[in-house]
Amino acid sequence: MKTFYILVFSLLFTFLFLGISYQVVADFWSSTYDEQNNNCQQMSYTLGSFLQGFGLPVKIMYGYHEDANGTITDAHVWVLVADHLQIDSVNLQVCDNTRYYSHYFIEDIEDAALRTRMNVDIL
């Protein structure tokens with residue numbers, strides 16, 4: 001019985017440690033957000049490149065809203081991992097931004113990085 005309690009305590013401690021560690025990293029990451037120098041687009045490229053380093057298939061997703069005149073009123077960029085898991089690049093949370101943005105499209109991270117180096121704006 002004593003072994004059972006030690007196992008439960010160890011698992012609980014491990015999950016709490018991992019959860020708190022992740023939250024600290026996510027809070028630090030989101031604190032680096034800056035509209036001019038480190039916005040959601042740049043953070044998505046950085047996060048996508050980092051995840052690709054682990055061998056994960058990563059794509060960049062762009063979403064936006066338009067008004068009646070066709071002017072973009074709100075836009076955001078986030079990461080798509082393995083064609084199923086969407087991760088918001090600013091706060092590192094799993095999200096489904098396709099439900100929020102009326103228009104969205106997907107781009108390979110290599111194409112996005114190349115376009116950025118050429119200073120071509122997509123949105």
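Select Tyr-5: with a relative accessible area of 52%, Tyr-5 is exposed (over 50%; buried is under 20%, partly exposed in between; 1.4 Å probe, protein chains only). The model is predicted: local features need pLDDT of at least 70, side-chain atom pairs count only at pLDDT 80 or more, and totals for chains, interfaces and linings use all residues. Residues are numbered from 1 along each chain as its sequence is written, and side-chain values use heavy atoms, leaving out hydrogens and water.

Stay on Tyr-5. Tyr-5 sits in helix 1 (helices are DSSP runs of H or I, at least four residues; strands are runs of E, at least two; both are numbered from the N terminus).

Move along helix 1, residues 2-31, to Ala-26. Ala-26 has 3% relative accessibility and counts as buried. Show its contacts (heavy atoms within 4.5 Å). Beyond neighbours within four places in sequence, Ala-26 touches Asn-91 and Leu-92. Now draw a distance from Ala-26 to Ala-68, 42 residues apart along the chain: their C-alpha atoms are 36 Å apart.

Select strand 1 (residues 58-66) and strand 2 (residues 72-81). Nine bridges join this antiparallel pair. Pick Met-61: its bridge partner in strand 2 is Trp-78.

Notes:
Pairing = 2+ DSSP bridges.
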